[in-house]
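Q: I'd like to learn how to read packing and salt bridges in a model like this one. Can we go through it feature by feature?

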Amino acid sequence: MDQINQNKIKISVRDLVEFILRSGDLDNRIGGRKDTDAMQEGSRIHRKIQKRMGSNYTAEFPLSITIPYTKEDINFEICVEGRADGIINNADGQEEENFNCVEEQEEENLSCPQEVPKIVIDEIKAVYRELSFIQEPVPVHRAQAMCYAYIYSKLYQHDSMGIRITYCNIETENMKYFEERFSFQELEEWFFHLIREYGKWAAWQCRWKIRRDESIKNLEFPFEYRPGQKKLVTDVYKTILREKRLFLEAPTGVGKTISTLYPAVKAMGEGILSKLFYLTAKTITRTVAEETIQHLTKKGLSIKCVTITAKDKICILDKPDCNPMACPRAKGHFDRVNDAVFDLLRNEDEISRESIITYAEKYMVCPFEMCLDVTSWADCIICDYNYAFDPNVYLRRFFQGGKNDYAFLIDEAHNLVERAKEMYSAILYKKQFLAVRKLVKGKHGKLEKGLQNCNDDLLKMKRECEECSIKENISDFVLHLMRLLTEFDEFLQENTLLEGREECLQLYFDIRHFLNIYEVYNDKYITYTDYDEQNEFRIKLLCMDPSTNLNQCLEKGKSSIFFSATLLPIQYYKEQLAGREEDYAVYAPSPFRKENRLLMIGKDVSTKYTRRNDSEYKKILEYILKFTSAKIGNYMVFFPSYQIMNQVANFADNFTGNIVVQTSNMSEIEKEKFLEEFTAEPEKTRIGFCVMGGIFSEGIDLKNDRLIGSVIVGTGLPMIGNERELFRNYYDEINGRGFDYAYLYQGMNKVLQSAGRVIRTMEDKGAILLLDERFEQKQYLNLFPREWFPYIVVDSDTVEDEVTKFWNSFR
């Protein structure tokens, strides 16, 4: 076979050693915060240690080496690069204070070489673990230092090198050293063994990239362009090319998924992007993205695309419990998972959930963890917002470093505002501390005392809080939480089989998240205490504006495309979703014929709190029955709450044969059964009672006559509560638009999404009835999309005539 053109594969020192040298079990019983969780605080510790070193200590020393490599039919280069935490230069022969056996500030030294090496690589690791538990350096930490030692000795021609692994406890700042010395020959032999292990992966990657890019070069848009769609595709491509962010308001029918994926794939083929993240809020939109990728592959595209399935949905256990005692796959998982991933990549072009399950079973590994490892080699990753933005579960393998050639395609982006606020907020309940204190009583005195101190702090705050109280300073409470977490670390490591361990872990993780959010706390947060529906006292760090946090994530990529059928008002979403002045906003016109849609506003009805009574509920039902009587078919009615829905349903006893009602917490089977009621070519009318903002108001795709009409009852405004009022007051002070930000925009988005269920294709015809006189007010009309004009105002006497006239126009 002919030699393939030379390629260059870049990999960081850390990624190389963590990938090739990992081994052992999956084990969630091991207590303690992982090094990755210490990264933010660890950066401060790094700088502090580095600053107090002597003049012959160079911090953050960049090192890089490129190795020519040949694997069968392909020549390429492997570039290994990174920054050594410190270089200690003892070339002047001094007894260097930075490399010694002096015990200082309770620092411990495992060993001390007889001869001080001239050059020593210092690898600093900030940890939350008690140092006494660290008896030897973590293998990947040692390997990082050895990599840097080899690269330095090769570049600067040294016969021998020293390495030092410095562990520093974040809370106490005590340190512990592990020191070794190697000859150049030892380092070179070890390093090239590492490179050979990685070489087969790099060779596969080079071959795959050539195949993928060739397929993209010849890939044409798979459909005939709809009106305005070609411009939309071009806008997305230019946004990626210019490394900007695009906010795209695109009504149903525009073809948002293909219009964003196709230009992003083309940009990948031209070397502009290395990876695509298709981010969604719901399973149904992930399915649409998968189907779009499958359609492109049928047109000749070669692409490795993987969807991340939630752990609880793919786990082989009824309830995930990742440890060798509970799961046979956990034992030796890391010894086998690389072989499983490589086998899958070489033999499967389409990486489905089923194929991951099959290969995970073949190699006896965890399917969820294997799926995460597959993402490292995938071109496109389809997943929930959490995996890019949530500080607890984001994919650290992609987002811990600097900027990358990624594009974020963010579907149903209107959902991200509230989701992001939730991700970047943190909450603790007083009852948690009391419950865990009871569990550990008599087992760990310091932990008991720490739990009591935190409970005392919360008790004091509780006595100061009648209903809702904003807290200006909680530094004492935070200090007690930090001390408690240190005791928790020690306790969890010593008690892996504790009864009630799950409850202990939940509080442990909640505290950790609370402290992590406190670290990024700024003027876009407030702290408050209040009581939940069960009158349980709690304290919350509430994110009022997620834009700063989101921006830090988005900066890890090259470009971001936010798209939804409901991004109105666009400036609000740009502001909340980290839009910058130079970023773009585009409104794509609807391709559907206006005469195929009827939009009406009921002017003599309302769901205002003061109007909620039997008379109003009967009038709502009257509207619904008249609206649905004009034509036999399938209809959905969206209510602002379960309470109002059930009140209206109670008056519909005589029509129960025609009405199906959504219930709370429906299972997947129940959802499917509900939707199956809406059949094609129905012989009798079917009316679905649903809740706005629920599972049936977004993402469902009932085409043609499976849904011909929707009634939206009320304006969808959230219920008044402490948190909503805090948002209202906050934005009143910021820009005088507190009601809009706290209530109006969120409510109208639910209305728009619910109404969007009706017209799904160019052939669809349907009617929409907005039941609330407030829709005639200017603040609501300003949020109507362009295609909603003109509309008709009706009352209970005229609504049936207007609907009948609309359906008769198609005869």
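Predicted model: local features only at pLDDT ≥ 70, side-chain atom pairs only at ≥ 80, totals over all residues.

Q: Why are α5 and α6 called oblique to each other?
A: Angles under 35 degrees count as roughly parallel and 65 to 115 as roughly perpendicular. At about 45 degrees, α5 and α6 therefore come out as oblique. Their crossing is right-handed.

Q: What is the angle at which α4 and α6 pack?
A: About 125 degrees, again with axes 8 Å apart. That makes α4 oblique to α6, because an angle has to be over 145 degrees to count as roughly antiparallel. The handedness is worth a look as well: α4 passes α6 in a left-handed crossing.

Q: Where do α4 and α6 meet?
A: From α4 come Arg212, Asp213, Ile216 and Lys217. They meet Val265, Lys266, Met268 and Gly269 in α6.

Q: Let me try one more pair. How do α9 and α11 pack?
A: The angle is about 55 degrees and the axes are 10 Å apart. That makes α9 oblique to α11. The contact is made by His333, Val337, Ala340, Val341 and Leu344 of α9, together with Glu369, Met370, Asp373 and Val374 of α11. As for handedness, α9 passes α11 in a right-handed crossing.

Q: On to salt bridges. How many does a search of the whole structure find?
A: The search finds 43 salt bridges. To count, a side-chain nitrogen of Lys or Arg must lie within 4 Å of a carboxyl oxygen of Asp or Glu.

Q: What can I learn from a single bridge?
A: Look at where the partners sit in the chain and how accessible they are. Take Asp379 and Arg212, whose side chains meet at 2.8 Å, N to O. This pair links distant parts of the chain, 167 residues apart: Asp379 is in the loop between α11 (367-375) and β11 (380-384), while Arg212 is in helix α4 (residues 184-217).

Q: Are Asp379 and Arg212 buried or exposed?
A: Both are buried. Arg212 is also one of the α4 residues that meet α6.

Q: What about Lys304 and Asp349?
A: Lys304 forms a salt bridge with Asp349, with the closest N and O atoms 3.6 Å apart. Lys304 lies in the loop between α7 (283-298) and β10 (305-307), and Asp349 in the loop between α9 and α10 (353-363), 45 residues apart. Lys304 has 0% relative accessibility, so it counts as buried, whereas Asp349 is partly exposed at 41%.

Q: And which residues are joined into a network by salt bridges that share partners?
A: Arg245, Glu555, Arg580, Glu582 and Asp583 form one network.

Q: Last topic: nonpolar cores. Which members of the largest one touch the most other members?
A: Tyr198 and Phe389, in a core of 186 residues. The largest share of this core, twelve residues, comes from α4. Setting aside residues up to four places away in sequence, Tyr198 touches Ile9, Ile11, Leu16, Phe19, Ile20, Ile78, Gln205 and Trp377. There is also a second, separate core of 36 residues, including Ala250, Ile272, Ala407 and Val586.

Q: Can we finish with one residue? Where is Thr285, and what does Thr285 touch?
A: Thr285 is in helix α7. Its relative accessibility is 8%, so Thr285 counts as buried, given that buried means under 20%. Leaving out residues up to four places away in sequence, Thr285 touches Tyr278, Thr280, Asp411 and Glu412.

Conventions:
Residues numbered from 1 in each chain as written. Heavy atoms only, no water. Helix = DSSP H or I, 4+ residues; strand = E, 2+ residues; numbered from the N terminus. Buried < 20%, exposed > 50% of the residue type's maximum accessible area, 1.4 Å probe, protein only. Core = buried A, V, L, I, M, F, W, Y, C linked by side-chain atoms within 4.5 Å. Contact = heavy atoms within 4.5 Å. Axes fitted to C-alpha atoms, helices over the stretch in contact; angles between N-to-C directions. Left-handed = near helix turned anticlockwise from the far one by under 90°.
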